[in-house]
Amino acid sequence: ATVHRGTKRGRGQTTIGDRCFLMIGAHVAHDCVVADSVVLVNHATLGGHVQVGEHAILGGLSAVQQHCRVGAHAFIGGISGVTTDVIPFASAIGDRAEIGGLNIVGLKRRGFDRATIHALRAAYKAVFGGEGSRRERVERVAEEYADIPAAMMIVDFIRASGDRPLCLPRD
């Protein structure tokens, strides 16, 4: 695996959290932030300035374009190219990654209860399938699921995105 240090024009450092697993040929470019318990499977590649949330898994031969963010507990399928931000708990797949749904297997493995998973599904549907602008949909989800920390992780991630494009669900 290779890890590049930070640059003077960037953050000045590359950060890799605790309990990460970088398999053969994995690459972390300059100025990246990789949170705790992230898995980069064989030859997974992060461009410069990428941020990866805790417990995310990036499949073999996947690549994340510079400046993109991958949310906590997200799963990026093998041979997928990520060119936009991937929300927490999403499962993104395809040569130009699209969300195939939520990472239900990962949620169950990490002990998320049934009620939380159902709330995440409903929040996900409301964010990507509701009426109004993205901002309006996110604000409705924030009000309705304010007491569900996992749903609020999605809301906070999208709010922090500003105008950055998000990885969208497949049709």
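Student: Which side chain makes a polar contact with the side chain of His 27?

Tutor: Quick note: this is a predicted model, where local features need pLDDT of at least 70, side-chain atom pairs count only at pLDDT 80 or more, and totals for chains, interfaces and linings use all residues. Residues are numbered from 1 along each chain as its sequence is written, and side-chain values use heavy atoms, with hydrogens and water left out. A polar contact is a pair of N or O atoms within 3.5 Å; within protein, one must be able to donate a hydrogen and the other to accept it, and residues adjacent in sequence count only if both atoms are side-chain atoms. At 2.6 Å, the partner of His 27 is Thr 2.

Student: Is His 27 buried or exposed?

Tutor: Buried means under 20% relative accessible area, exposed over 50%, partly exposed in between (1.4 Å probe, protein chains only). His 27 has a relative accessible area of 18%, so His 27 is buried.

Student: Which residues does Ala 44 contact, leaving aside neighbours within four places in sequence?

Tutor: Ala 44 counts as buried too, at 0% relative accessibility. Contact means heavy atoms within 4.5 Å. On that basis the list for Ala 44 is Gly 25, Ala 26, His 27, Leu 58, Gly 59, Leu 61 and Ser 62.

Student: And how far apart are the C-alpha atoms of Ala 44 and Thr 116?

Tutor: Along the chain these two residues are 72 residues apart.
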